[in-house]
Amino acid sequence: MKQAYRGVIAALMLMICAAWAASAAESAPVAQVRAAIDEASPVFANKQIPPQEKDKQLRTIAEKYFDFGYMAKSAMGTHWKSLTPAQRKEIVPAVEDYVLATYLTTFQQNTVEAASHALKDDPKYDDPETVAVPSEVHLAMVQDPLQVTYMLHKTGGKWMLYDIVVDNVSTLGNYREQFNKIINADGFDKLLAGLKSKNLPRV
């Protein structure tokens with residue numbers, strides 16, 4: 001009888017461990033997004049940091065959590081295939097600089113704090129290596145909550161951010177559309193110059 005009880009207890013323990021492991025794996029992307037927000041939050045909060053130093057710290061955090069290489073490739077769309085190795089090498093840091101200058105560093109502290117409290121532990125997997133982490137951000141200056149979705153993909157065994165979708169508008173999608181129009185109208189060099197100057201031409 002004791003053997004039977006031990007068998008039941010062992011089976012229950014295995015089930016609990018399996019359920020815990022599954023839950024931990026499912027929450028990994030959410031934990032990654034939260035870690036990025038929580039790491040950036042004190043940088044935004046510290047008003048004693050000079051702007052140049054703040055940008056440097058935010059860049060270090062962003063490079064830890066965002067896959068800028070993947071973002072650049074995706075933003076270039078079908079044009080990526082036609083780029084030379086030298087052009088690809090140039091475009092990735094240019095896209096990173098542009099994103100940091102025009103997007104990440106524009107967040108205010110209250111926005112970051114709101115984002116931290118808005119995450120939902122309900123990731124949606126498009127496939128085993130692509131996931132959407134939803135959130136609903138409430139801001140005092142906006143009447144309706146913002147539906148913000150963080151897109152991540154797994155690379156090198158780690159979840160990395162590559163897009164932020166706000167009310168169904170994809171940041172990466174906007175870049176792709178803008179880059180495509182500039183390249184089609186004026187060529188790759190015009191796009192690269194615009195990215196490097198942080199002032200893309202209007203199209």
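A residue is called buried when its relative accessible area is under 20%, exposed when over 50%, and partly exposed in between (1.4 Å probe, protein chains only). This is a predicted model, in which local features need pLDDT of at least 70 and side-chain atom pairs count only at pLDDT 80 or more, while totals for chains, interfaces and linings use all residues. Residues are numbered from 1 along each chain as its sequence is written, and side-chain values use heavy atoms, with hydrogens and water left out.

**View 1**
His153 is in strand E3 (residues 146–155); strands (E, at least two residues) and helices (H or I, at least four) are DSSP runs, numbered from the N terminus. Its relative accessibility is 9%, so His153 counts as buried. The side chains of His153 and Asp67 form a polar contact of 2.9 Å. A polar contact is a pair of N or O atoms within 3.5 Å; within protein, one must be able to donate a hydrogen and the other to accept it, and residues adjacent in sequence count only if both atoms are side-chain atoms. With neighbours within four places in sequence left aside, the residues in contact with His153 (heavy atoms within 4.5 Å) include Tyr70, Glu129, Trp159 and Tyr162.

**View 2**
Two strands pair if DSSP finds at least two bridges between them. E1 and strand E2 (residues 130–137) run antiparallel and are joined by 3 bridges. Lys124 has Ala132 in E2 as its bridge partner.

**View 1. Glu39 on helix H1.**
Glu39 belongs to helix H1 (residues 2–45). With 29% relative accessibility, Glu39 counts as partly exposed. Residues up to four places away in sequence aside, Glu39 touches Ile61, Lys64 and Tyr65. The side chains of Glu39 and Lys64 are joined by a polar contact of 3.2 Å. Between Glu39 and Leu58, 19 residues apart along the chain, the C-alpha separation is 9.1 Å.

**View 2. Aromatic pairs.**
There are 5 aromatic pairs in the structure. Rings of Phe, Tyr and Trp (its six-membered ring) pair if their centres lie within 6.5 Å; planes under 30 degrees apart count as stacked, over 60 as edge-to-face and the rest as tilted. Phe66 and Phe68 have ring centres 5.9 Å apart and planes at 25°, so this pair is stacked. Both Phe66 and Phe68 are buried. For Tyr98 and Tyr175 the centres are 5.9 Å apart and the planes at 65°, so this pair is edge-to-face. Tyr98 is in helix H4 (residues 85–102) and Tyr175 in helix H6 (residues 171–186), so the pair ties together parts 77 residues apart in sequence. Ring pairs also bring Phe179 into a cluster with Tyr98 and Tyr175.

A nonpolar core is a set of buried Ala, Val, Leu, Ile, Met, Phe, Trp, Tyr and Cys residues joined through side-chain atoms within 4.5 Å. The largest one has 54 residues, and Met76, Phe179 and Leu191 are among those with the most contacts inside it. H1 gives the largest share of this core, 7 residues. Buried residues of helix H3 (residues 68–76) include Met71, Ala72 and Met76. H3's buried residues pack against several elements, including helix H2 (51–65), strand E4 (158–166) and helix H7 (188–196). Just after H3, Gly77 has a positive phi of about 60°.
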